Amino acid sequence: KNYGLNELRKMYLEFFESKAHLKMNSFPLVPKNDKSLLLINAGMTPLKPYFTGQEVPPSKRVTTCQKCIRTGDIDNVGKTQRHGTFFEMLGNFSFGDYFKKEAIAWGWEFVTKVLQIPEERLYVSVYLDDDEAERIWHEDIGLPKEKIVRLGKEDNFWEHGTGPCGPCSEIHYDRGEAYGCDSPDCQVGCDCDRYMEFWNLVFTQFEKTEDGEYLPLDFPNIDTGMGLERLALMMQEVDSIFDVDTIQALLQKVCALAGVTYNDDSVKDISIRVITDHMRSVTFMISDGILPSNEGRGYVLRRLLRRAARHGKLLGIEDKFLAKLCETVIEVSKDAYPELVEKKDYITKIITLEEDRFNETIDQGLGILKSYMEEMDKEGKRELTGDRAFKLYDTYGFPIDLTKEILEEKNLTVDESGFNHEMEKQRTRAREARAESNYMGSAETIYHKIDPSITSAFVGYDHLTYTSPIR
Ligand code: ATP
Ligand code: MG
Ligand code: MG
Ligand code: MG
């Protein structure tokens, strides 16, 4: 049946409320007291203190729909049919209460009874040694053995450093041959869009020690995560998460602003999907108090905004357009996230400021990058030098990944270690300048333009690290 995304969210939460779960609101995207994480990336991460026993949960059974950001999936966006940097994760959790048997039975009940997804389409995976999970799927649920696939640690064992961890079991949906790839081993676990993983049931039954030992927990936990957009994709029988009702509304707005039609040109389609996805992330990040900056999560935000702005250029959008898109995000998400409505003016203002700022340099930067590329072409070089990439970053506000993406479109690369070296040099200069200005009792140095708050290097989006000035 064709349920809307907002309706599916409600059905899920109500189902688990009927199984005695306490419904809690989504936590903000900014983790609280968790230095190991830049942004909330799963339903369980804000609940960690309940899993470790550090805090007492308000109920032993909880259900949530959690807003998530996974910048690690940024390169998949627009390319696969099932990844966004922003998505909502539905989850039911047991803190030392029910375990595998109930988690599996309720998951199956929701999918096959409530949603009535045909069983023929469903497959499950279990961890290599998890005979117990396999037995439950086979004996209790009645799933034939050939529909249960055993997968290794990478896919079916959840652990994050030390602490609570355990095997998991994932439910997959066969979208049909048309979505498959050419690989002869295309089956559950394949990376293509055919067998789509949509629900991960994690059985947190061990405590991993510093020595790498797995000790069984006295009270094992359950942590499940189902992508709401993927669920809507299945129920609405559409091609990708971008065709799901609420997201489609935003995508159509992008097309209207650009004066283009979706599904007309595969290269333009990628830009349309990138803008659509990134504006969802951006709107929610700003509503949770993140501001564009040169470090940490602020830099993630800046990078998403600037990448969306550049893809707007690719679609031929001349005027400012990003702020107009957040209106649609708010419109379709406001029932579940009323805070968006309250903050609408604020979100619009922040996006506009950042877009104005980047607009001052983007055209010039793109022109310069183009001339670098022409020069490389003439000289038969394939790699942009680190100092040129650094100039684009420092003077024109081009995040390194943006430069890299533009080069990749022409099969060119960038000397990233050279870039990092330039960054390091600048940091040293800034430090020396600070020391000198303190010594001389003056803030005036030739480096006065450099942001004095620079402390460390940006090395990735999933860890708390920092970077240096970008305009
Ligand atoms: P995949 O293998 O498809 O990248 P995953 O194994 O990384 O997914 P989990 O960490 O198990 O995903 O998260 C639980 C669920 O959240 C997934 O089964 C999926 O439905 C959803 N999900 C994960 N990443 C994304 C994403 N980038 N966009 C949309 N939904 C996602
Ligand atoms: Mg993934
Ligand atoms: Mg997976
Ligand atoms: Mg998974």
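## Leu 257

With 17 C-beta neighbours inside 10 Å, Leu 257 counts as partly exposed. A residue is buried if 20 or more other C-beta atoms lie within 10 Å of its own, exposed if 12 or fewer, and partly exposed in between, with C-beta atoms placed from the backbone. This is a predicted model: local features need pLDDT of at least 70, side-chain atom pairs count only at pLDDT 80 or more, and totals for chains, interfaces and linings use all residues. Residues are numbered from 1 along each chain as its sequence is written, while chains are lettered from A and ligands numbered from 1 in the order in which they are written.

Leu 257 sits in helix H7 (residues 245-258). Helices (H or I, at least four residues) and strands (E, at least two) are DSSP runs, numbered from the N terminus. Leaving aside residues up to four places away in sequence, Leu 257 touches Ile 317, Phe 321 and Lys 324. Contact means C-beta atoms, placed from the backbone, within 7 Å. Glu 318 is 61 residues from Leu 257 in sequence, yet their C-alpha atoms are 9.7 Å apart in space.

## Helix H9

Helix H9 covers residues 296-314. Its 19 residues should span 27 Å at 1.5 Å a residue, and its end C-alpha atoms are 27 Å apart, which agrees. The expected span is 1.5 Å times one less than the number of residues.

Of the 19 residues of H9, 15 are buried, so the helix is largely enclosed by the rest of the structure. Gly 316 follows H9, and its phi is positive, near 85°.

## Two domains

The chain is divided into domain 1 (5-235) and domain 2 (274-418). These bounds come from an automatic or database domain assignment. The domain centres, taken over C-alpha atoms, are 32 Å apart. Each domain gives 16 residues to the contact.

On the domain 1 side, helix H1 (5-17) and strand E2 (61-69) each supply at least two residues. E2 gives the most, with three residues. This side divides into nine nonpolar, five polar and two charged residues. Ala, Val, Leu, Ile, Met, Phe, Trp, Tyr, Cys and Pro count as nonpolar, Asp, Glu, Lys and Arg as charged, and the others, Gly among them, as polar.

## Around ligand 1

Ligand 1 is surrounded by 16 residues. The closest are Asp 73, Phe 87, Asn 200, Gly 225 and Gly 227. A residue is near a molecule if its C-beta atom, placed from the backbone, lies within 6 Å of it.

Strands E3 (86-94), E8 (195-208) and E9 (214-227) and helix H6 (228-235) each give two or more residues to this shell. E8 has the largest share, four residues. The shell divides into six nonpolar, five polar and five charged residues.

Notes
Contact = placed C-beta atoms within 7 Å.
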